[in-house]
Amino acid sequence: MTAAAGGGAQGGGRYGEDVFRPEQAGEGARIDFGALAYDDITMGRLRALGVGPGWRCLDVGAGTGTVSRRLLGEAGVDSVLAVDRDVRFLTARPAPGLDVLEADLTAPDFVSGTFRLVHARFVLMHLAEHDRLITALAELVAPGGVLVLSDAVDLTSDRTPGTPYTEVMRAMWQGLGATIGTDVSWVPSYPHLLRGAGLVPVAAEIHVPPLVPGSPISRFWADTWERSRTAMLATGLVDDADIDTAIRYLDSQECAALSAGMLTAWGWKPEAGRA
């Protein structure tokens, strides 16, 4: 949920420039609402994979650094290199063992070295060249290490009941696709892509946070719609009144909808000499 890299395939725009600019007031808080909704799930999975003391970690698209700092403080890893295209939120919250690098994931050799954990959350969904980028990230995993990728999965469909929420979510995905190339349709292929990058074994899971009035995920979506309003209006699927109605709907007892889920997939780099 951060300006981790360059533009997508459709509109040619860039996350962090055309939409979700980090200098815009409140953008750090928007990212943190997403962190409040998903960090416990992310950390639970990372701990279950054995992440802990002795691990050198790479956090790509680290945003405000919540996962990076929890890896250090809770999991007790040795170090974390937090990478983002704009690092203002990371440098504002330093921590012992946290190194910060301003870099673009799509650039060749954007980072050097290998890591026992390579983690990226809500980053690749905004980028094209998925196969190439996943292969590049897999190459940064040390033998015996693990690549963990998380991205959104859209749970609306043609059979989903029409509500203010579903109408605006459809406009959001279409608008972001046209503006910065966001595309979550390929996310369920993560396990296959990880296996294709030479990682084995691979596995995946999905978490869907409940849409409860005032919850972090509800506040995240409300802020996200406000900041992507121009892109959503350009689709012609919604108008300003529709977006305002959906924001009120999120904060009401009338809300009866599924949030977008977070699919997390992981794959292990074989030890040297092992298939």
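## Surface and charge

The chain exposes about 11400 Å², and carbon and sulfur atoms supply 51% of that area. Areas follow the Shrake-Rupley method with a 1.4 Å probe; for residues, only the protein chains shown count as cover.

There are 23 positive and 34 negative side chains. The centres of the two sets lie 5 Å apart. Lys and Arg count as positive, Asp and Glu as negative; His and the chain ends are not counted. Each charge is placed at NZ of Lys, CZ of Arg, CG of Asp or CD of Glu.

## Basis of the model

This is a predicted model: local features need pLDDT of at least 70, side-chain atom pairs count only at pLDDT 80 or more, and totals for chains, interfaces and linings use all residues. Residues are numbered from 1 along each chain as its sequence is written, and side-chain values use heavy atoms, with hydrogens and water left out.

## Fold and dimensions

The chain has nine helices and seven strands (DSSP runs: H or I of at least four residues for helices, E of at least two for strands). Its radius of gyration, taken over C-alpha atoms, is 18 Å. The C-alpha trace spans about 60 × 35 × 35 Å along its principal axes.

## Burial and cysteines

Of the 275 residues, 56% count as buried (under 20% relative accessible area). C57 is buried at 1%, and C255 at 15%. The whole structure holds zero disulfides (pairs of cysteine sulfur atoms within 2.5 Å).

Terms used. Buried < 20%, exposed > 50% of the residue type's maximum accessible area, 1.4 Å probe, protein only. Rg over C-alpha atoms; globule rule 2.2 N^0.38 Å.
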